[in-house]
Amino acid sequence: METRNQTGIENFLLLGFAEEMDLKPFLLGLFLSMYLVTFTGNLLIILAINSDTHLHTPMYFFLSNLSFADICFTSTTIPKMLLNMQTHNKVITYAGCLTHIFFIVFGCLDNLLLTVMVYDFVAICHPLHYMVIMNPWLCGLLTLGSWFLSVMGSLLETLTLLRLSFCTHMEVHHFFCDLSEVLKLACSNILINNIVVYFVTSVLGVFPFTGILFSYSQIASSILRISSAGGNYKAFSTCGSHLSVVSLFYGTGLGVYFSSAATPSSRTSLMASVMYTVVTPMLNPFIYSLKNRDMKRAVARLLDRAATSQ
């Protein structure tokens, strides 16, 4: 096959949901609605936390960072997909594709913030030592560490992509420039890239997920020591909801990346990507916040102030 070096590449084609031509209006409305719900819900969380001094605690500090990451994560992929559907133009430039890949940094940040939040839940199980364990210095350090590791992971994956030559067949079977799909278009040896992908996925995905599972085992152990049946049910219900979203995000995300090198492009991979890039960020405001009484009160006060100021 004829090849081009990395400096000669001009465009990729994002095929996305090209096979569902008859469903384009429905998919356009569906993904636009999901994006608006995600953006609005997470923005309300950030504003409510910042405006209510009662929510200036470690848990809500991490939650506001998670909401910011979710807004940026979905804004990296969904608007371009909606534009492509509306204009029937599947083209994305090489620079735009690299930008897509780098800004999946917010997905990596989601991984680490979910882990940090569960660590906070474990600390809450020790109320007498909570403020000592989750002091402001540690909270800031955990957040900065999450940002640093996420940026370094995404930068490493993006920079190793620059060394590749690509074939003239530039069709990406995805709705965004997913790294695993772009690597399948390379005519160069991608062994180093695959090693980097597995390394970054292990450090930013597998290890945090293992930590989350271990933390939940500690939380379950603490809950079982609660004498009240009502307290047991409420705690298990809340943790079960959190664990469901975490499992959905990690299960689909890790499944896509670990199977990508061995399997061809498939509809299953595409739908799994929708789950962790679109559905999970949309669910986070409901699972982590809107079921929380303090958060609902803060959002209600925020909306009341906004209504009375007009």
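This is a predicted model: local features need pLDDT of at least 70, side-chain atom pairs count only at pLDDT 80 or more; totals for chains, interfaces and linings use all residues.

Modeller: Residues are numbered from 1 along each chain as its sequence is written, and side-chain values use heavy atoms, with hydrogens and water left out.

Biologist: What makes Cys 97 and Cys 177 a disulfide?

Modeller: A disulfide is a pair of cysteine sulfur atoms within 2.5 Å. The S to S distance between Cys 97 and Cys 177 is 2.0 Å, so the pair meets the cut-off. A search of the whole structure finds one disulfide. Cys 97 lies in helix 3 (residues 94-102) and Cys 177 in the loop between strand 5 (171-172) and helix 7 (179-183), so the bond ties together parts that are 80 residues apart in sequence.

Biologist: Why is the disulfide of Cys 97 and Cys 177 called left-handed?

Modeller: The torsion about its S-S bond is about -115°, so the disulfide is left-handed.

Biologist: Why is Cys 72 called buried?

Modeller: Buried means under 20% relative accessible area, exposed over 50%, and partly exposed in between, with a 1.4 Å probe and protein chains only. Cys 72 has 17%, so it counts as buried. Cys 108, at 10%, is buried too. Both Cys 97 and Cys 177 are also buried. Of the 310 residues of the protein chain, 48% count as buried.

Biologist: Is Asn 42 buried or exposed?

Modeller: Asn 42 is at 1% relative accessibility, so it counts as buried. Asn 42 is found in helix 1. Contact means heavy atoms within 4.5 Å. Leaving aside neighbours within four places in sequence, Asn 42 is in contact with Ser 67, Asp 70, Ile 71, Pro 281 and Pro 285.

Biologist: Why is His 88 called exposed?

Modeller: The relative accessible area of His 88 is 54%, against a cut-off of over 50%, so His 88 is exposed. His 88 lies in the loop between helix 2 (58-87) and strand 3 (91-93). Its phi is near 60°, a positive value in a residue other than glycine.

Biologist: What makes a set of residues a nonpolar core?

Modeller: The members are buried Ala, Val, Leu, Ile, Met, Phe, Trp, Tyr and Cys residues joined through side-chain atoms within 4.5 Å. The largest such core has 55 residues, and those with the most contacts inside it are Phe 17, Phe 31, Leu 63 and Met 295. A second, separate core of 19 residues includes Leu 14, Tyr 94, Leu 98 and Leu 183. Leaving aside neighbours within four places in sequence, Phe 31 is in contact with residues including Phe 17, Ile 78 and Val 274.

Biologist: Why is Phe 148 called exposed?

Modeller: Phe 148 has a relative accessible area of 53%, which is over 50%, so Phe 148 is exposed. The place of Phe 148 is in helix 6 (residues 136-161).

Notes:
Helices (H or I, at least four residues) and strands (E, at least two) are DSSP runs, numbered from the N terminus.
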